Amino acid sequence: MLYTYVDIDHPIKQLQDNICYYFERLFAVEPVPYDINIVLQADFITLIDSSNKFKDYLKDIAEKYIVLPNGEKDIVKKAYSNHLNIENLCNDTTIEVLKYTDIVNEDFRMLLKEFLTWLWDKYDDLPQALRNEYKDVQDHFNEFKKVQKGKVCPFCGISSLKPKTDRKRRNAYDHYIPKAKYPFVSINFKNLFPACHDCNSDEKKEYDTPLKNSIRQKVIFPFDNAYSIDELSISIAPEETFNSVNLGTLLNDIDWKILFTLANGNIDCYYVWDDIFKIKTRYKEYILDFEDTWFSDFVLKKFNENVVTDVLSFEKYKSGLLNDSKSLMIKDPLAILKYIYFSFIFALPDIENKLLQVSNFSLGT
């Protein structure tokens with residue numbers, strides 16, 4: 001990730017709190033006959049009172065759970081407790097994750113999945129009293145955007161996030177731990193993150209974040225306030241010898257790859273980041289697409305404006321392009337890719353003289 005999000009307090013989180021209360025009371029008491037007053041808090045009963053569908057879901061889940069064999073109940077309770085803390089799920093690979101498919105009883109499994117998915121997918125259809133109290137996802141998005149450090153999608157840096165607005169217009173929220181595979185994560189706002197369409201829908205899709213080939217893997221927790229992209233170096237690594245005469249189309253003429261390097265620490269989570277969001281592939285595609293534009297409109301144009309005219313030394317011109325793009329990485333779309341591209345260009349041997357030759361040729365001198 002380019003940066004991690006800042007979490008906020010918002011009333012919509014109370015829905016998760018109340019659903020957690022319901023399951024914890026159900027596990028502890030197993031009321032027979034079912035009694036809504038035992039498993040729900042009084043104020044929440046009032047909020048959902050107009051929805052027979054909501055109340056029927058809760059009653060059906062409770063009655064089907066109570067008759068499960070003890071071993072199957074243990075699986076459900078373990079899934080609940082293990083999936084509750086998203087940060088731990090991301091960081092601690094010793095925590096076992098349990099999928100819906102691990103719940104043996106098909107009727108209970110399908111009912112549980114249907115209910116928990118419905119809470120998120122049909123939030124706008126939940127009782128008006130509840131939505132008045134907890135607000136809606138658009139309101140959460142608007143409040144969330146106010147406190148974030150960056151304006152680009154933190155999962156890629158390629159696209160900008162939508163601005164806060166009074167309209168129903170926001171980025172889709174990615175379920176970092178996929179709600180289609182794992183119970184009890186669908187309305188947990190520690191698991192919900194605005195992401196650009198490409199990251200959420202085109203690349204990640206239903207990627208099984210906690211597992212790779214059935215093996216637990218550590219992933220970057222998107223609310224980790226200690227995280228910094230500065231630890232990671234992302235660079236262009238040519239895979240063949242090349243002639244740098246045609247600077248404007250150099251990368252289109254040779255084979256190369258995006259390389260991750262880390263001086264200290266464990267780089268595995270960065271490889272997982274790449275695996276989830278196809279970072280290296282997308283970065284290469286965009287750099288190839290923009291190479292000629294960035295070379296002519298930034299590298300060469302500013303070289304002519306500053307170095308050829310003796311306004312700036314070559315070193316100041318170079319550091320200006322590099323520092324500007326680096327400082328904008330979390331604010332401007334594609335700035336991270338410009339920084340990677342500029343770093344490659346300026347690392348070429350004898351680049352100042354090569355740019356001067358190109359400049360003289362373009363100016364007809």
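1. K212 is partly exposed, with a relative accessible area of 36%. In this predicted model, the side chain of K212 meets that of D275 in a salt bridge, with 3.0 Å from N to O. The two residues come from distant parts of the chain: K212 belongs to strand 3 (residues 211–212) and D275 to helix 12 (residues 268–277), 63 residues apart. D275 also counts as partly exposed, at 24% relative accessibility.

2. The domain assignment of the protein gives domain 1 (12–213) and domain 2 (229–364). The centres of domain 1 and domain 2, taken over C-alpha atoms, are separated by 42 Å. Where the domains meet, 19 residues of domain 1 are in contact with 17 residues of domain 2. About 1600 Å² is buried between domain 1 and domain 2, and 61% of this area is on carbon and sulfur atoms. On the side of domain 1, I158, E203 and Y207 supply 38% of the area buried against domain 2, more than any other three residues.

3. The polar side of this interface also deserves attention. Between domain 1 and domain 2 there are 7 residue pairs in polar contact, counting pairs with both residues at pLDDT 80 or more. Helix 10 (residues 197–204) provides 4 residues, the largest share of the side of domain 1 that touches domain 2. By class, that side of domain 1 has 8 nonpolar, 5 polar and 6 charged residues. The rule finds 1 salt bridge across the interface of domain 1 and domain 2.

4. Leaving aside residues up to four places away in sequence, K204 touches D174, H175, Y176, C199, T209, I276 and F277. With D174, K204 forms a salt bridge whose closest N and O atoms are 3.2 Å apart. This pair links distant parts of the chain, with K204 in helix 10 and D174 in strand 1, 30 residues apart. Both K204 and D174 are buried.

5. A further salt bridge may be set beside those already described. The structure holds 13 salt bridges. In one of them, K190 pairs with D7, and the closest N and O atoms are 2.7 Å apart. K190 lies in the loop between strand 1 and strand 2, while D7 lies in the segment before helix 1 (13–29), so the pair ties together parts that are 183 residues apart in sequence. K190 counts as partly exposed at 37% relative accessibility, and D7 counts as partly exposed at 26%.

6. Helix 9 (residues 137–146) is largely enclosed by the rest of the structure, because 7 of its 10 residues are buried. The buried residues of helix 9 are V137, Q138, H140, F141, N142, F144 and K145. Which elements do the buried residues of helix 9 pack against? They pack against helix 7 (106–121), strand 1 (173–175) and strand 2 (192–194). At the N-terminal end, helix 9 is capped by D136, which has a side-chain oxygen 3.3 Å from the backbone nitrogen of Q138.

Methods
Residues are numbered from 1 along each chain as its sequence is written. This is a predicted model: local features need pLDDT of at least 70, side-chain atom pairs count only at pLDDT 80 or more; totals for chains, interfaces and linings use all residues. Side-chain values use heavy atoms; hydrogens and water are left out. Domain bounds come from an automatic or database domain assignment. Contact means heavy atoms within 4.5 Å. Buried area is the accessible area (1.4 Å probe) that two parts lose on being put together, summed over both. A salt bridge is a side-chain nitrogen of Lys or Arg within 4 Å of a carboxyl oxygen of Asp or Glu. A polar contact is a pair of N or O atoms within 3.5 Å; within protein, one must be able to donate a hydrogen and the other to accept it, and residues adjacent in sequence count only if both atoms are side-chain atoms. Ala, Val, Leu, Ile, Met, Phe, Trp, Tyr, Cys and Pro count as nonpolar, Asp, Glu, Lys and Arg as charged, and the others, Gly among them, as polar. Buried means under 20% relative accessible area, exposed over 50%, partly exposed in between (1.4 Å probe, protein chains only).
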